[in-house]
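Biologist: I am new to this structure and would like to learn how to read it. Could we go through it feature by feature?

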Amino acid sequence: MADAVVDTVASVPVAVIGAGPAGLMLAHRLSRAGVDTIVVDTRTRREIETTHRAGILEADAARDLVETGVSDRILREGHEHEGTELRFGGRAHRIHFKALVGESVWLYPQTDVFTDLADARDRDGGTVHFGVKGTEVLDITTGTPRVRYTAADGSRHEVRAQYVVGADGSRSMCRNLVPEDRRVRYGKEYPFAWFGIMAEAPPSAPELVYAHSGHGFALISQRTETVQRMYFQCSPGESVDAWPDDRIWETLQARVAGEDGFRLKEGPILDKSVLRFRSFVQEPMRWGSMVLAGDAAHTVPPTGARGLNLALHDVKVLADILLRALGTEGEAALEDYQPRALQRIWRAQNFSHWMTRLLHTPPGGTPFDLRRQLGELDNVVGTPAGRTYLAVQYTGWPVGSQA
Ligand code: PHB
């Protein structure tokens, strides 16, 4: 394949595989420092924009969108949440992030982050090719890696780069380029999934509600004044066809019900999907002149809202390191990437796993398991240490919190 004829050959310092938030934010950060990129993605822009993803940005990530000049739309259309609610034992318990750790989070869907980043690339004259096919990454163990792809119109292209970044998501092909005998994959499967809906209804609560119940977990999130996002724990093999609207509302209502009489505001369901998830990390995150970022290197269960934030943190670190590598330091600068990214990755792995286990009902769980979980939840909301632990992890770790 390496000798196949191509229609164009281009040279840029950094080629990026994947035009999700990680790939586009990296391209944006590099372009601010005068470094050109070419970003390719197999998906069309429309496909990415219409795939529902998570909705919470930590304050640092929200600030970065504004301060690096991506867009300030989040300030107008996003919602700052100073806390979140944990519901269990039929009662509401608020964790007040702002009072506990001085930070808040922003409800701003990933699809909006993507749109802002894609618009910023257009505005700044960046090159992003959506809907490409047959992407090949070649020669990554040399200092002159290449990317080949077929554009949507059938033409063949080659990009010659100094570094290639694999930001190609949870089904990454780039991560498979690290030889099998040189990589380690750490992972964990969960015996449940999330059933996600978009509903046309007013918000049921001013902030997110993470609900534990004897019937399983539920999460009440929002999108706009008229569209809401909600999830409930289901089995990984669940089919959306088995869930007419009535059954969905009955299930969600039972999971948030309590002595305070809390009820969800119902409405027509616009979208239904089953979201499977797992915990996953691949090391090393670099092979030769290729570096992995975001979901390509690690995925987390959605319970702690860490995935997007972690991806944006990776590329913040990586942009700095690539600028050093392209400057006087050369490839040796890449050695710093994995240690600097991994600390936060494993903290987020732990937090996402902890929060998943804290709130979901394991199949086959016993009455002991349920009571123990309630004891743990009580420890979280009922002690300053418990509340602060949750607030620190959920809002993102403060600078200087390294051991
Ligand atoms: C969402 O709004 O889609 C959302 C929010 C918080 C999560 C997961 C998903 O933990």
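**Reading the model**

Modeller: Glu 85 counts as buried, because its relative accessibility is 19% and the cut-off for buried is under 20%. Keep in mind that this is a predicted model.

Biologist: Where does Glu 85 lie, and which residues does Glu 85 touch beyond those up to four places away in sequence?

Modeller: Glu 85 is part of strand β6, residues 83-88. Leaving out residues up to four places away in sequence, Glu 85 touches Ala 92, His 93 and Arg 94, and also Leu 208, Val 209 and Tyr 210.

Biologist: Is Leu 308 buried or exposed?

Modeller: Leu 308 is buried, with a relative accessible area of 9%. This residue lies in helix α8. Setting aside neighbours within four places in sequence, the contacts of Leu 308 are Pro 21, Leu 57, Gln 110 and Val 113. Sequence distance and spatial distance should be read separately here: Leu 308 and Gly 20 are 288 residues apart in sequence, while their C-alpha atoms are 9.8 Å apart in space.

Biologist: What share of the contacts in the whole protein joins residues 24 or more positions apart?

Modeller: Among contacts with a separation of 6 or more, 72% are between residues 24 or more positions apart. As for burial, 53% of the 403 residues count as buried.

Biologist: How should I read the overall dimensions?

Modeller: Compare the radius of gyration with a reference value. A compact globule of 403 residues would have a radius of gyration near 22 Å, and the protein has 22 Å, so the two agree. Along the principal axes, the C-alpha atoms fill a box of roughly 70 × 45 × 45 Å.

Biologist: How many helices and strands does the protein have?

Modeller: There are eleven helices and 23 strands.

Biologist: How do I read the pairing of strands?

Modeller: Strands of a sheet pair through backbone hydrogen bonds, in a parallel or an antiparallel sense.

Biologist: In which sense do β21 and β22 pair?

Modeller: β21 and β22 (residues 290-292) are antiparallel and share two bridges. Arg 286 stands opposite Val 291 in β22.

Biologist: Which strands pair with β12?

Modeller: Strand β1 (residues 8-11) runs parallel to β12, and four bridges join them. In that pairing Ala 10 is opposite Val 159 of β12. Strand β11 (residues 146-150) pairs with β12 in the antiparallel sense over five bridges, and Thr 150 stands opposite Arg 156 in β12. The hairpin of β11 and β12 has five residues between the strands, and there Gly 154 takes a positive phi near 95 degrees. Strand β12 (residues 156-160) is mostly covered, with four of its five residues buried.

Biologist: How is empty space found in a model?

Modeller: A probe the size of a water molecule is rolled over the atoms, and this shows where empty space is left. Searching the whole structure gives one cavity of 30 Å³ or more. The largest cavity holds about 40 Å³ of space. Its lining consists of Met 25, Arg 29, Ala 61, Asp 64, Leu 312 and Lys 316. Elements giving two or more residues to this lining are α1, α3 and α8. By class, the lining of the largest cavity has three nonpolar, three charged and no polar residues.

Biologist: How much space lies in the second largest pocket, and which residues are closest to its centre?

Modeller: The second largest pocket has about 480 Å³ of space. It is lined by 24 residues, and those closest to its centre are His 313, Lys 316, Val 317, Arg 344 and Val 399. The elements that contribute two or more lining residues are α1 (21-32), α3 (59-67), α8 (307-329) and α9 (337-359).

Biologist: Which element gives the largest share of that lining?

Modeller: α8 does, with eight residues of the lining of the second largest pocket. By class, this lining divides into ten charged, eight nonpolar and six polar residues. Lys 316, among the residues closest to the pocket centre, also lines the largest cavity.

Technical notes: Residues are numbered from 1 along each chain as its sequence is written. This is a predicted model: local features need pLDDT of at least 70, side-chain atom pairs count only at pLDDT 80 or more; totals for chains, interfaces and linings use all residues. Side-chain values use heavy atoms; hydrogens and water are left out. On a 1 Å grid over the protein atoms alone, a cavity is a set of points where a 1.4 Å probe fits but cannot get out, and a pocket is an open set with protein on both sides within 12 Å along at least five of seven lines; lining residues have an atom within 4 Å of a point. Grid points are joined across faces, edges and corners, and a volume is the space filled by probe spheres set on the points. Ala, Val, Leu, Ile, Met, Phe, Trp, Tyr, Cys and Pro count as nonpolar, Asp, Glu, Lys and Arg as charged, and the others, Gly among them, as polar. Buried means under 20% relative accessible area, exposed over 50%, partly exposed in between (1.4 Å probe, protein chains only). Two strands pair if DSSP finds at least two bridges between them. The radius of gyration is taken over C-alpha atoms; the globule rule is 2.2 Å times the number of residues to the power 0.38. Contact means heavy atoms within 4.5 Å.
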